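Student: Please take one part of this structure and look at it closely with me. I would like one connected account.

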Amino acid sequence: ASASGDLKLLTNVSLIRFFSDCVDTFTNPVAILGSIGDMPIKSNDNIENMGLAIFKNDKLVGELSAQETIWHMIVSNQLKSCTISIPDPLGDTESIDLNLKLDCVPKKSVNLINGTPHISCKIKIKAQILSATQQSTSNETNYYKKENLRLIETTCNEYLEKNIKDYLYKTAKTYNSDIDGFGKYAVKYFSTTQAWEEYNW
């Protein structure tokens, strides 16, 4: 399964925003991870967006792939639309292409339990079936039957939940970085600025 989207949506990460996030105690900065094509540079179109560079304060700590960048765009409410491929739950083709759009702003929350943060993010997505990667073997499968739509919806939800959880785990545990601003929801548990800064979110 794969995903793709318009990563140009993130090119508006300005230098001022980057430096602001470097000193912000609630969120960490990101930068566009790009690759220069084989052709001589004539315009910005020759720079291919490959994902995101992840920082902890002002230090580069890791990278996100193009697919992981889509999960970041969903959680951070930056996604306009994208296309993902999920396994075909009907077993008639290899995969189904879906167009995704956010249905509303994701609802984030943080609970601090015994000093350990437990984050939650409720996401509502609108999905539209675009196509299957291979022609139906029977040419008779109706993807829009009520029971088939429910099965596709369940598969899509499970796919998104797993991948977004993996993305959040990677940024939090592997990179020790919060690029989605969950810190804004955790600071309420600290009575002073010093206590918050010492916690080293």
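Tutor: Two residues are in contact when heavy atoms lie within 4.5 Å of each other. This is a predicted model, so local features need pLDDT of at least 70, side-chain atom pairs count only at pLDDT 80 or more, and totals for chains, interfaces and linings use all residues. Residues are numbered from 1 along each chain as its sequence is written, and side-chain values use heavy atoms, with hydrogens and water left out.

Our part is helix α3, residues 146-174. A helix here is a DSSP run of H or I with at least four residues, numbered from the N terminus. Start with its length.

Next, its partner. Helix α2 (residues 66-75) packs against α3 at about 95°, with the axes 10 Å apart. Axes are lines fitted to C-alpha atoms over the stretch in contact, and angles run from 0 to 180 degrees between N-to-C directions. The two helices are therefore roughly perpendicular (65 to 115 degrees). On the α2 side, the touching residues include Trp71 and Ile74; on the α3 side, they include Tyr159, Leu160 and Tyr167. The contact residues divide into eight nonpolar, three polar and two charged. Ala, Val, Leu, Ile, Met, Phe, Trp, Tyr, Cys and Pro count as nonpolar; Asp, Glu, Lys and Arg as charged; the others, Gly among them, as polar.

Which residues of α3 are buried? Buried means under 20% relative accessible area (1.4 Å probe, protein chains only). Among them are Ile152, Cys156, Tyr159, Leu160 and Thr171.

Look at two of these. Cysteine 156 has a relative accessible area of 6%, so this residue is buried. Beyond its neighbours within four places in sequence, cysteine 156 is in contact with Ile86, Leu98 and Leu100. Its C-alpha lies 9.4 Å from that of proline 89, 67 residues away along the chain. The sulfur of cysteine 82 is 9.5 Å from that of cysteine 156, too far for a bond. A disulfide needs two cysteine sulfur atoms within 2.5 Å, and the whole structure has zero disulfides.

Threonine 171 counts as buried because its relative accessibility is 3%. Not counting residues up to four places away in sequence, threonine 171 touches Leu64, Asn176, Ser177 and Ile179.

Methods:
Angles under 35 degrees count as roughly parallel, over 145 as roughly antiparallel, 65 to 115 as roughly perpendicular and the rest as oblique. Buried means under 20% relative accessible area, exposed over 50%, partly exposed in between (1.4 Å probe, protein chains only).
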